[in-house]
Structures are given as C-alpha cells and as structure tokens.
Amino acid sequence: MDLATLWFALVVLCWVLFAVGEGFDFGVGMLAAVLGRDEHERGAAIRTVGPVWDGNEVWLVAAVGVTFAAVPAWYAAMLSGLYLPLVVVLLALAARGVALEFRGKVDSVAWRRRCEVVLAGSSLVSAAGFGSVVALATTGLALGPGGAVAGSGVGRSLAPLVSWPALAGALLGVLAALLQGAAFLGLRTTGPVRVRARRVAVTTAGVTAVVVAVLAGVTAPVAVPVAVLAVVAGLAAARRWEGLAFAAASLAVLGGVVAAFVAHLPVVLPSTLEPAFSLTIAGAASSPEALWVITVGGVLILPGVLAYQAFSYWVFRRRVATGREVAGGLRETPRSGARPGGAAPSIRACCASPGRPYRG
Amino acid sequence: MTALELSRLQFAVVTVYHYLFVPLSISLSALTAGLQTVWWRTGDPRHGRATMLVGKLLMATFAVGVVTGLVQEFQFGLSWSAFAQYYGDVFGPTLAIEGMLAFFLEATFLGLWWFGRDRLRPPVHLATIWVVAIGTLISAYVILAANAFMQHPVGVSLDPTTGRARLGSFGALMTNEVVVASFPHTIAGAFMAGGALLLALGVWRRWRPRPGASGALSACSPQLLASSGRRAPSSTDDDDAAPTWRLLARVGAWTTLAGGIAVALTGDVLGKVMTEVQPMKMAAAEALYETTSHAPFSLFAVQRPGHAQPTSLDVPWLLSFLATGDPTATVQGIDDLQAQYVSQFGPGEYTPWIPVAYWTFRLMIGFGVLATAVAAWVLWRTRRGRDLEPDGRGWFALGDRWLTRVLPAIPALPAAAATFGWLFTETARQPWLVFGLFRTADGVSPTLTPVELVASLAGFALVYGVLAVVWVRLVLHVSRADLVDLHPEPTDTPDEDPVLEPSY
C-alpha cells in the first residue's frame, strides 16, 4: 500500500469519526426541542452533548485539514464545485455552535427557547447538507478539465442539489442523525426523555431501514448491511438495550460513509461529463514530502487525541437528569404554551404518553 | 465587481471578523488559567470569582471563534481553489497539523474545564484550562507559519512534472524568520485585547458613576450594585464584589500595559525583518517613493490641493533607524523597487495601494498606543488602593470621568489595532498571494461566478452580524450579573443526584 492510499484511508477515518460524532450531535440538536416537554427536559437533553460536541466538530476541522493535505485537488474540486451548498452548511454550523454554547449562559426562558429553535433548525440543515454532499461525492460532479465545475449564476453550484442522489442523501443524513441522536438520548438521559427517545429511535430505525433497503434495490446492494444495522438498532431500542442501539446506529453511519467514499476507487471524485476528468487518488494526492509530514503528525498525534477524547467521555459517563426530577418536583419555570419549532406532528404523536413507567 | 475582487472582499471580511475573537480566546484562556492558579494556591475568593467571570467570557468567545474559524479552513477550497491546488503541499499539512495538534486540545479540554468543575479533582481541573491556553498558542504559531509562507516563501520548490509547489522541508516552514518575528508580536497584541476587555469590565462595575451618586465611595454601595443583576443562589455579597471588580480592572490594565510594551518591541523586530524580505511593504507603509538615506519617519501627511508635495510631519532619521537599526542607512523607495521587480518578474504593477498601506500602518500604531496609555492611566490612578474619582473635582477626576464615559470603546482599541495591522500586512503584500511566486489573481477559483459570491457574502454578513449582536449581548449580560464562586455548579446545571447510573 503506497502512502497516498494509506492517507486516503486516514482521510476516510477522519470523515467517519466526524460523521459518527456529529451525527448524534445533530440528532440531539433536532430532538431536544421535540422530546423535551419543558425547558428542564430540553436542558437535560442538550447537556448530554454539551461537553463533547465541540470536540466532535473538530473532527470536521481535522477531516478538512487532512483532505486538503493529502488530496488537495479533491479538496479544491469539491469545495469550489459545491460552493453555495457548503456555505449554507457552514452558516448552519455557525448558528448551531453558538446556539449550543450560548443557551445556558443567560438565565431567561425566552433566550433559551430561541437558542433551542435555532439549534433544531441548524442541526436539520447541517445533517441534510452533509448527507447530500456525501451523496454527490459518490455520484460525481460536472468536473471539467482542471477539476473545476463550470456554469453560470447561482445555478453553477446549486444545481447538483436538485437531483435524486442529493435529495436521497439529504433524507438519509437527517434520518441517520435522528436515529443516532435518539439512541444517544436513550443511553444518556433518565426519565420521560429517555422513554420518548427510545420510541423515536424505534420509529426512525424502521423508516431508515426501509429507505436504505429501497435505495439498495435501486442502486447499490452494498447498502444492505446498513439497512440491517438500522433494523438491529431499532430492535435493540425496543428491547431497551440502549448501548447496543447506539452502537448499531453508529455502525450504520460508519458503513454508509465508508461505502460512499470507496464506491469508485481509485477514482475519488467522478466527473459526470467525461471519465477522463475524474479525480483519482494518485492524481489528486500531494507530494510524498507533504504526505510524510502528515503521516508522522497523524501517527504521533491522533492516538493521543483519541485517548483524551475517550477520557472526556469517561468523565461525563453518568446519565444526565433534569434538575426538576432531582430537586423532587420543584418546578421553577411554568411550561410555555408555544410548541418548540421544528416539531413534527408524527414524532409528537409517538411520544404522547409520558406517564408510562420507565427503567432507571 | 469581478469574482476576484469579490473573493478578496469576502476573504477580508470573514478573516477580519474571525480575528476579532481569536485574540480574545488566546488571552482570556491564559488569563483564566493564571487567575485559577492563584486561586488554587491562595484560596482567595476574589480570584475564584474572577476565574468564573473570565471563563464565561472565554466560553462565549471561543464558540464564535470556532465556528468562524471553520469557515476559514473552507475558504481556501471555496474561493481559492487554484491556490489550494497549487499550494496544497504547504497549506494542507499546516492546517492538518494545526487541527490535530492544537484544535482538538482546545475544544476537548475547554469542555472538560467548563462541565468538569464538580467531577475533576482541583489540580486536574486546573490543568485542563492550562492545556486550553497552550493549545491556543500552538494554533496561533502554526497558522502564523502558514501566513509567514505567503509573506516570505521558504521550504518549497516547483515540481516540474505537476507544475505545483512541492514541499521541501516542513521544518523550514515552521522556522521561517517571519513567523519567528510575527508570533510574539501577534500574541502580545492578543493579550492587549483580553486585558482591555477585563479593564473595561472591572472599571465599569467598580467605579462607574451612577445617577444620583456622589463621591467615589458610594459607587460600590450595596443598593446600587444590587440593582445591576439578578440574584443567583451562590452570588456574592456586594461588599465582596467590589474587590473582585477592582482586581479585574487592575489585572486587565497590567495585561494591556505589558502587551502594549511587548507589541512595540516585537513590532520593531518584525519591521526590520519585513524591510529585509518585503522592502516594498515597508516603503508603502511610509509612502517613500525615492530611495533615501537618513530617511525620516512621517507621522502624518495630507495632500493639499494645488501642492505637488504632501504636507508631512516628519521625525528625522527615524525611518532609517526603525527599518535597519542604523539612523543613517539607506531605505529603498517604491519607484526603485517597482523598476527592480519589473526586471525580475516581467512587466506589471508591483506597487500595493499606497494610501491604504500608509494609513493602516499609522492607525495600527495609534490605536495600540492609545490602549496602552489608558491602561497606564488606570494603573496609576488606582495605585496602592486608590480609587478612580469620576465624581470628584480637578483635572484627574475629569480624566476619570471621561474614561468611564468612553469605557465601551476601550476593548475596541486593541481590536482596531489588530484589524488595521492585518489589513496593512495583507494588502501591502499585493499583487502577490505568495510573495514573488504566485499572484492573487491566479489563485481564485476559476469558474466561481460573481452572483454566487454576492449570495455568500450576503449570507456571511447576515449570520455574522447576528452573531456579533448576540455575542455583545451575552458579554453585557455576563458582566451585569452577580459574581459566582468558582466551586458551585453553574446556574444552568442543577445539582445532580449522586446515584445517577453511568451510561456506559
């Protein structure tokens, strides 16, 4: 295996770790506003990712960085070719990060509510955006000579979004994030949020399995294991094996991302205009010196990163409860009449019986 | 406007915006770590409360810095894909190493610090914030090394087969003489920014004159402070709060003063390096058209109608001294350098935009000096337990009164200095993207359309505008609220039942 191939594997690893980590972050962001009936419950849901979301998002920084370092031509072609969609995703990520960090810093119901709404909306846009970008990386862009996508006006970079692969990718991105987020909330919370999260996990797992199975029938049989993993996640959630449900959901995300990256090897970004314009690993890679620098850097640094991130998850391993449950029914904030934004009626309906007993 | 001009405008906007938050993250993390260390050693509650306040400001600032920094990493591919392809060997490893080595440290350990107050043993908890502070410094160094490459390219060669730049030595890239000079200059400026913010907050809460109040002592009377924020369970008594605000003001002032002195000394070194590697930049900063020995430094110049020569207030010999260390030395002028570059690189315009270079250079220095002077004033007026007297009589009290009136502008002074400094060093490098090797016009994404750029600029302007408003509101909120002791939980994290089971 030559250095360029090794680094392609490491690039994929970084993207996978980003997708798995941010997948449940996005899911929790979308679900917190829906599963939490009052601001204590929503606060508990958001606190499950509070200490770790930033570290997860840095995997995007690492992934973009190593992509730029290892295969600059690919980085240049993807980012300039999908210019406007990526700008929208970046703006959504900006709004998301700030909403997450700022929510707890002001003691006001209206402020928190606004942050929750922004968090839900921006998490949805981010998950859908990354889903469609991954799908388009698989099916290819209209790359011309030099790896540039030609076109006029805003349609140049927006047009690829209006295609079946992009739409399917967006749908799958949102479903995967919801499944992972629900499984994570089931694993990390107590009380009614935990019960509702499990139910959402079961429902989303079913929908995801069906969508992936249909896609597998239409395009690539490779996707079958992903559908199976989604079913496993749903069954595990139904049996209250919360750890297994989260692991299966995360493996489904991992499988989907890896499948998308290796679909056309050694081509890393197909051109839909002319196969000769497609980017290959060898053609897109940087020089051996640059690859050596990041190999040494990666080998020395990344194990340490994984170790201290694991330490962080260990420190915050205890379930997160709402303050109300702990304080013994003390309720400081009256429930607001307004429904939080982004709540889908079907999800509300499936968690409309909070009175059932729960384990834990 | 063309795609090139719009791309440059967009890069300038998102970079300058990002850099409003970066210096604060660098300095506030180190200041938090320092305050917490003193608190840990002495147990003085003032330092614990100050740690919490500065930590909250750091959390808010860091969040905006992270999300705007992410945009920076994408910019090279979004708008500058030709540059990204050509210089992927240099910028790719640099950004990758920065992300892996520094950014992970900052993000992970800041989460551990904030949420781990009740779960980590005090020494471990203290260590986490020091890791954050060191991470910000590593980040700054590596990113400045990438920028230094654009000012003074070292460690690369041209690959004849691919036609792209090829990395020769990463070590040379990291020990570029420009980054060795610009890193201390940048860090000193960053400490001015954080110091000025703490100075303004401390003075505002400790000595701000209030309606109906007379005399400095009443400024900290209980009923007035009590009206300034909502009461949290672990809030401090008003009698306790005043010393903490005083401490913040003094720490902020010392930091700004020390940063200001360091920025001047390191700026002098950087100026000499720049004169050597980019003589055109320093000639543009002075608007020095002809090569001159015993060159004077122009403090200020205006071109009056009907006069061929601008009217300029000069300090004799100073430019020669600043540029080389020798007051009699010869400094190269713009016209000679232009002729030299034409013979070296072929016909073209190699002169940056002179008025911008001239004025941004002076505004950078002017705002920095002003911030340092304010810090010196506060330190002197509050020496040995003295108080500012905004309600008193006499010239000094008048100075205090003016200071308290313009307080909201104080944190903006170092930020303005840094902004003008970056505008100077980046615009005066033009027309080069990588000095002497690669022109800015060749770096832009070849097929990007102006409409896309206008759309993205509008999006950035809208979202970044909202972020700025929200950040300012949050800082005002944090600074109006009562102080909180370091140990108790934050108000948004209720006490947790110790019997909660682990998730895994």
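A salt bridge is counted here where a side-chain nitrogen of Lys or Arg lies within 4 Å of a carboxyl oxygen of Asp or Glu. The exercises below apply this to a predicted model.

**Exercise 1.** Decide whether the contact of A:E116 with A:R113 is a salt bridge, and find where the two residues lie.

*Solution.* The closest N and O atoms of A:E116 and A:R113 are 3.7 Å apart, and the cut-off is 4 Å, so the pair counts as a salt bridge. Both residues belong to helix α6 (residues 109-139) of chain A, and because they are 3 residues apart there, about one helical turn separates them. A:E116 is buried, with a relative accessible area of 3%, and A:R113 counts as buried at 17% relative accessibility. The pair is also part of a network of salt bridges that links A:R42, A:R103, A:R113 and A:E116.

**Exercise 2.** Determine which parts of chain A are tied together by the salt bridge of A:E22 with A:R96.

*Solution.* A:E22 forms a salt bridge with A:R96, with 3.7 Å between the closest N and O atoms. A:E22 lies in helix α1 (residues 3-35) and A:R96 in helix α5 (residues 83-103) of chain A, so the pair ties together parts that are 74 residues apart in sequence. As for burial, A:E22 counts as buried at 0% relative accessibility, and A:R96 likewise counts as buried at 0%.

**Exercise 3.** Describe the salt bridge of B:R429 with B:E426 in chain B, including the burial of its partners.

*Solution.* The side chains of B:R429 and B:E426 meet at 2.4 Å, N to O, and both residues are buried. This salt bridge is one of 11 that the structure holds over all chains.

Definitions and conventions. Residues numbered from 1 in each chain as written. Chains lettered and ligands numbered in written order. Predicted model: local features only at pLDDT ≥ 70, side-chain atom pairs only at ≥ 80, totals over all residues. Heavy atoms only, no water. Helix = DSSP H or I, 4+ residues; strand = E, 2+ residues; numbered from the N terminus. Buried < 20%, exposed > 50% of the residue type's maximum accessible area, 1.4 Å probe, protein only.
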